[in-house]
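Please read them alongside the model, which is a predicted one.

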Amino acid sequence: PVTSTRPPAVRTFHLLARDGDVASASNYLPVEGVLCAVGRRVQVYVDARDAAAVAPGVIRDVGTTFDERVFPVAARTIGQAHDVDGDGRFTIFLSGWLTRLAGGRYAVDGFVRGADLDPGFAAPFGNRCDMMYLSTALAPGPHLRTVLAHEYTHAVTFSARAMPGSGGPPGPEEEGWLDEALAHLVEDEHGFSRTNLDYRVSAFLSRPERYRLVVD
């Protein structure tokens, strides 16, 4: 059930922003998030330093798409993410850090960290929150919606594999290649766009000998 308590207006998220060992606390940064939207099953925070740069249309698209499309389809077909903080809502955090990870060497549209969904990890290694991270570089539209569906699938897959809710110890995470395949399959279920997959398919078809099916 969804709690009637309003989420905090400001929340600190610990983000793995620096390159290096994930077990080193020095590679995590505390980032202040400002609450920008609350939906039925979602709450959206934006990095306080980026709040002025994020268009209202992005926030609206994120909240509406998650509530009306992503969450219902997932609940009907593959399941729900583990509700770590028990509020009945999934947290989405937009930050400009995703455009300059690992000292500016990497930029990603979004990601999910299993450590955030595992209550066994305290800050800074996990936020004890069912959540995803999205880049502030995303614009409203089909690609943003595709990324939303893709990343939420990762949260659901981790919840089913590593946090089964049986009271026993956490299980192993899904194999990376299969985890990604499932997330792309769910993209097809939504039909928002193929922009998160078409360039990968093109790269493979151009030189398939460069790519292994199963990677370390």
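1. By class, the lining of the largest pocket comprises 16 nonpolar, 9 polar and 12 charged residues. This pocket holds about 890 Å³ of space, and of the 37 residues that line it, Gly110, Phe111, Val112, Glu151 and Glu180 are the closest to its centre.

2. As to which elements build that lining, at least two residues each come from helix 2 (101-104), strand 5 (110-111), helix 3 (114-117), helix 4 and helix 5, with helix 4 giving the most, 7 residues.

3. The second largest pocket has a volume of about 690 Å³ and is lined by 15 residues, among which Trp177, Glu180, Arg200, Arg212 and Leu213 lie nearest its centre. Two or more residues of this lining are given by helix 5 and by helix 6 (198-206), and the largest share, 5 residues, comes from helix 5. The lining divides into 9 nonpolar, 2 polar and 4 charged residues.

4. Helix 1 (56-77), helix 4 (142-162) and helix 5 (176-190) each supply at least two residues of the cavity lining, and the most, 4 residues, come from helix 1.

Technical notes: Residues numbered from 1 in each chain as written. Predicted model: local features only at pLDDT ≥ 70, side-chain atom pairs only at ≥ 80, totals over all residues. Heavy atoms only, no water. 1 Å grid on protein atoms, 1.4 Å probe; cavity = no way out; pocket = protein on both sides within 12 Å on 5 of 7 lines; lining within 4 Å. Points joined across faces, edges and corners; volume = space filled by probe spheres on them. Nonpolar A, V, L, I, M, F, W, Y, C, P; charged D, E, K, R; others polar.
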